[in-house]
Each structure stands twice: as C-alpha cells, then as structure tokens.
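Below is a short note for a colleague who is meeting this structure for the first time. Please keep the sequence and the model open beside it while reading.

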Amino acid sequence: MKKSVAIIGGGITGLATAYYLQKEAMEKDLPINVRLIEASHRLGGVIETVKKDGFVIEKGPDSILERKKSALQLIEEVGLKDKVVSNTAGKSYILVKGKLHSIPEGSFMGIPTKVSPFVFSGLFSPLGKLRAAGDFVLPKGKAQKDQALGAFFRRRLGDEVVENLIEPLLSGIYAGDIDQLSLMSLFPNFYNIEQEHRSLVLGLNRTMPAPPKKVQNKQPTRKGMFISLTTGLEELVLQVEKRLHEGTVLKGVAVNKVCRETDGYSLLLSNGEVEKADSVVMAIDHNHAQKMLSDYAFMDVFKDMSSTSVANVAMAFPKSAIKQDIEGSGFVVSRNSDFRITACTWTHKKWPGSTPDDMALLRCYVGKPNDQEVVDMTDEEIIKIALTDLNKTMNITSEPLFHLVTRWKKTMPQYKVGHKERIQTVKESLSKELPGLYLAGSSFEGVGIPDCIDQGHAAVKKVLEFLA
C-alpha cells in the first residue's frame, strides 16, 4: 500500500527533503507519495535572485560555504556544476571608530592562528593585544553544558578582540547578540578545542588543516572559501523544483493546523481542504511550527525563541561614480560604531560576472538586534542611511542608477544559550507523542544553506525508517 509524506514549507530544507525522498523511493522502488505544501506562490524561501540590466542580485544569501559538501553535491546532482563560481579572495575589512581595518591574516572566525598579523593590526590597542595574549596562559574553562559566545571569547581573548573583530564577523552571519547566542549550538568546536588544548590559538593551529604548499612560479590563488552560481542561487531552487514529480508541489496554500489521527496525520489547509499523510516533515520556522501544533504543550518553548529582522539594499552605480574606491570585497561594522549599516559587500569585486564591466554593485545591510525599527523604514530612508554611512569611508558622487531594497521579517532565528538542549527535548517529545512527524530547517540545527540541506537529508532518513 502506498504511503504518503507531507512536507510543509518550500524553502531549501523542504525542497531538499522532497528531492531526496523521491530519489530514495525511486532507487529502492518504495511506494511513497510526496506532497510539498508552500504558503507563498514561490519556492526557495529567502533564496531569491533578481536579474536586471546585466546585474545578478541576490535578495537573500549570496554564498554557500564550500567546505560543507551537501550544497555542492545537490548543485552537481541537478546539473549546475558548470555554473559554480568561487568568490574572489580579496581583502575584507572591519570598520572600527570610523576607520576601515583589514581583517588580520590567519584569523578564523576572528580567532588568530598567526600572531604577527594581530600584533601589527590597528584594530587593537597595546593593552588589547596584551589581553588577547592571555589565551596562551589562561587555564581552560570549567566544563559546562552551554554558555554565551560572548562570555566564552571574552574570557579567552578579552573585550577588544570580541568587540572589534569577533562580534562584527559573527553578527554578520547570525544577526544576533553574541552575549546571548549559544556556543554549543553554533561553535561547539571552539569549546572542544579549549577543553582539549586549553589555548584557542594553539588548538586551532594544531587542528586546522595545513594550507596547500606553494608551487614555485605559480600565481597565488584568488579563490575564496565561498561559492555561488553565475546565474544566481535561485537557479538551484528552480532546478530542484523541476526535478520533482509532477503534482508534488502545492503553492499558495498554507497549513493552519496539523492533527494526529489513528491512521496518521490530517493537515488542515487554508483553502478548506484536508491533506492526509502517514508522515510529516515540518520544514518551517519555529513560530509556524508551534502554531500548527499549538495543542501540544512541549511546543510552547518556541514562543520564547526570538527571531530578528534584517533588510538589505543593493545599489548600482557606474564605477566612475565611486571616486574613493577600496580594494577588497567588503566590510563589517563594529557594534561600537555610530553606523546604522551592519555590513557592505562590494558585489562587483566579490563575485566575478555579477555586474557589467563598467558598473559597481554595493549591497548594504541594516537591522542590528538593538536597531530593528530601521527594517520598517521606507526604501528612500534606508538608501539615505546606506549612502550617508558609505560616504564616511568612500566618496560616491551620484545617486544609484537603480536600487533594490529587501526586507526579511523575523527570518533570523536566535540560538540562545540552551538552544541545543531545548531542541533535543522537543524532539524526544515529538517521537513519543507525534511519531512520524519531524522538524527541520534554520530554526533548529543550523542556518546556512548546507545546514538546511543536511537537515533535509536527516529527515528523509527518519521518514524512511518510520515507514519501513
């Protein structure tokens, strides 16, 4: 008898789940019917690309970390290997006290692996450098289940390294307050390094793979650690969707409630219909998951889990309009700065082929945890903020040829201290009270594109085990 699996949510997690579930069913000749239900009229979630006048503009994430292999595997499986492009490994900067400082060479997420670039960096005062050297002599921290990223790094390296280097880098990724974010959910490897090697700097040097040996007369590589697609990341969404079986996807219909029945699950849809399923994968954010399962008290924990909002503005200029140019791929902003933008990517330098040769594309981000109201400002207000801040370090002499403002409301889940334990408790409750129902997505076990694909893989495995 044919089994049915409902996947709620058509972001990259839900897409990967549907794709790999159908692939496994076909390869193993399993009688499984897959239904992917998406509330909006498009798939991909925050992955969205706009093409205009020769520009390729990402409205959401612009890159994938290459060392996490699941995304590249999916890209290759759907025939996009020839579209893969690496970012240019140009200089990146941090803006501190109104001045751009290049990120010290050999820093890994802000932690030094080479001493001399830190010693000569203008990012830190002599006292700040001396305090950071305490990492070499301080004892390892007490063993504990979890702690805040900020407290962990401050104890090892001091306030200056955290405020001027680590915090801007990590806030750019997670759009959160590192003094609340969970170490064990986001960077358990750093905790393990400290416990095993005591010093973070020494431990990283011992555990990181050695850089490739330089070949004589070979030009140094300009290849960075991230990849994208020459046609934009939304191409991955379109190609995965194209490979799903006909009739798999239902768009423009929301799931209002999920109810357990004696013979599986009923999904109450916004169009008044009911979808039946033997197993359900909820590839959605924690807020929607909680509302759909509001009858279950163990889901109430998600009511206290926050998400931040962010906005970005892409602005196109002739290169000639940027009179004071900077060599590099962009900068992030220290939270002690009076800037309202949190980062700026010089897209035309970071991504080869993303802009016409004589054009520049700048992408600025706003929405600090303590400045959420900026996300709701008008396009004109956000552009003015971005240009005012940019002109403190650059000299842009004209208005943009065109702009694109994107607002992502409550899309950045905050993994606060204790997150990992809370998710584990919810999963245990689900397996007891709602067998065959699984959570996957950026709210739970990783926010990056590869993390979401990995969660899709894991959900497929669990569904198959349950239905077997």
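1. Helices (H or I, at least four residues) and strands (E, at least two) are taken here as DSSP runs, numbered from the N terminus. This is a predicted model, in which local features need pLDDT of at least 70 and side-chain atom pairs count only at pLDDT 80 or more, while totals for chains, interfaces and linings use all residues. Residues are numbered from 1 along each chain as its sequence is written, and side-chain values use heavy atoms, with hydrogens and water left out.

2. Gln-144 is found in the loop between α4 (126–132) and α5 (149–157). With a relative accessible area of 35%, Gln-144 is partly exposed, a class that lies between buried (under 20% relative accessible area) and exposed (over 50%), judged with a 1.4 Å probe on protein chains only. The C-alpha atoms of Gln-144 and Tyr-19 are separated by 39 Å, and these residues are 125 apart along the chain.

3. Asp-389 belongs to helix α13 (residues 379–390) and is buried, with a relative accessible area of 4%. Leaving aside residues up to four places away in sequence, Asp-389 touches Phe-339, Arg-340 and Ile-341, where contact means heavy atoms within 4.5 Å.

4. Three strands form an open sheet in the order β5-β11-β6, with antiparallel pairing; two strands pair if DSSP finds at least two bridges between them. Because β5 (64–65) and β6 (84–88) stand at the edges with a single partner strand each, one side of each is left without a neighbour in the sheet. Four bridges join β6 to the antiparallel strand β11 (residues 223–229), and Thr-88 stands opposite Lys-223 in β11.

5. Helix α2 (residues 69–77) lies across β5, β6 and β11, running at about 40° to β11. For such angles, axes are lines fitted to C-alpha atoms, for helices over the stretch in contact, and the angles run from 0 to 180 degrees between N-to-C directions.

6. How many cavities of 30 Å³ or more does a search of the whole structure find? The search finds one, where a cavity is a set of points on a 1 Å grid over the protein atoms alone at which a 1.4 Å probe fits but cannot get out, and lining residues have an atom within 4 Å of a point. Of the 16 residues that line the largest cavity, the closest to its centre are Val-56, Glu-58, Thr-347, Trp-351 and Ser-354. The largest share of this lining, three residues, comes from β4.

Note on methods
1 Å grid on protein atoms, 1.4 Å probe; cavity = no way out; pocket = protein on both sides within 12 Å on 5 of 7 lines; lining within 4 Å. Points joined across faces, edges and corners; volume = space filled by probe spheres on them.
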